[in-house]
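Subject: Structure handover

Hello,

Here is the structure I said I would pass on. My notes on it follow below.

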Amino acid sequence: MLLEKRTAAVSALQAFARHLEPQGRIFIDLELPIEDFKIENIVKQQSLIDCPDGSTILLQFTSSIDWLNQLNTTVIRYEKWKDGKLVATELQNLPLHWFGVKNLLCV
């Protein structure tokens, strides 16, 4: 799920298969991001995190879904606040591909 390009994920699965003993098996835990489906395009905020240096971390995130390519992209925004001022911010894109059993049978 963490490989950014679907072709890279398929290549990784094919490499796993090449390293199997005859009649060997790979067990893969398939996960569908069902909870993200329910909150697509809604900005959520986690509880504030108090840091030892007296600053506070604010974390917000939202997901968008590309149904045809089975891709869930979460954008996470981190903000660090100290003494009422924003001192740092960071954005993180987290693309996750999901696969079904039929996807894996083709590999």
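Of the 107 residues of the chain, 22% count as buried, where buried means under 20% relative accessible area, exposed means over 50%, and partly exposed lies in between (1.4 Å probe, protein chains only). This is a predicted model, in which local features need pLDDT of at least 70 and side-chain atom pairs count only at pLDDT 80 or more, while totals for chains, interfaces and linings use all residues. Residues are numbered from 1 along each chain as its sequence is written, and side-chain values use heavy atoms, with hydrogens and water left out.

Overall form

The chain has three helices and five strands, in the order α-α-β-β-β-β-β-α from the N terminus. Helices (H or I, at least four residues) and strands (E, at least two) are DSSP runs, numbered from the N terminus. The radius of gyration of the chain is 19 Å, whereas a compact globule of 107 residues would have one near 13 Å; the radius is taken over C-alpha atoms, and the globule rule is 2.2 Å times the number of residues to the power 0.38. The C-alpha trace spans about 60 × 30 × 20 Å along its principal axes.

Among contacts between residues at least 6 apart in sequence, 43% join residues at least 24 apart; contact means heavy atoms within 4.5 Å. The accessible surface comes to about 8,100 Å², and 57% of this belongs to carbon and sulfur atoms. Accessible areas come from the Shrake-Rupley method with a 1.4 Å probe, and for residues only the protein chains shown count as cover.

The chain carries 11 positive and 13 negative charges, whose mean positions are 4 Å apart. Lys and Arg count as positive and Asp and Glu as negative, with His and the chain ends not counted. The place of a charge is taken as NZ of Lys, CZ of Arg, CG of Asp or CD of Glu.

S55 sits in the loop between β2 (49–50) and β3 (56–66). S55 counts as buried because its relative accessible area is 1%. The side chains of S55 and D53 are joined by a polar contact of 2.5 Å. A polar contact is a pair of N or O atoms within 3.5 Å; within protein, one must be able to donate a hydrogen and the other to accept it, and residues adjacent in sequence count only if both atoms are side-chain atoms. Beyond its neighbours within four places in sequence, S55 is in contact with I49, D50, K80, W81 and K82.

K82 belongs to strand β4 (residues 71–82). With a relative accessible area of 32%, K82 is partly exposed. Its contacts, leaving aside neighbours within four places in sequence, are with D53, G54, S55 and V87.

The loop between α1 and α2

R25 is placed in the loop between α1 (6–18) and α2 (34–38). R25 is exposed, since its relative accessible area is 67%. R25 and L59 are 34 residues apart along the chain, and their C-alpha atoms are separated by 40 Å. Q23 lies in the loop between α1 and α2 as well, and is exposed at a relative accessible area of 79%.

Backbone angles

Q23 has a phi near 65°, a positive value in a residue other than glycine. Q70 is not a glycine either, and has a positive phi of about 50°. Most residues other than glycine have a negative phi. Q70 lies in the loop between β3 and β4 and counts as buried, at 19% relative accessibility.

H97

H97 lies in strand β5 (residues 85–97) and is buried, with a relative accessible area of 5%. Leaving aside neighbours within four places in sequence, H97 is in contact with M1, L3, E4, K5, R6, N69, Q70 and L71. H97 and L32 are 65 residues apart along the chain, and their C-alpha atoms are separated by 9.1 Å.

Regards
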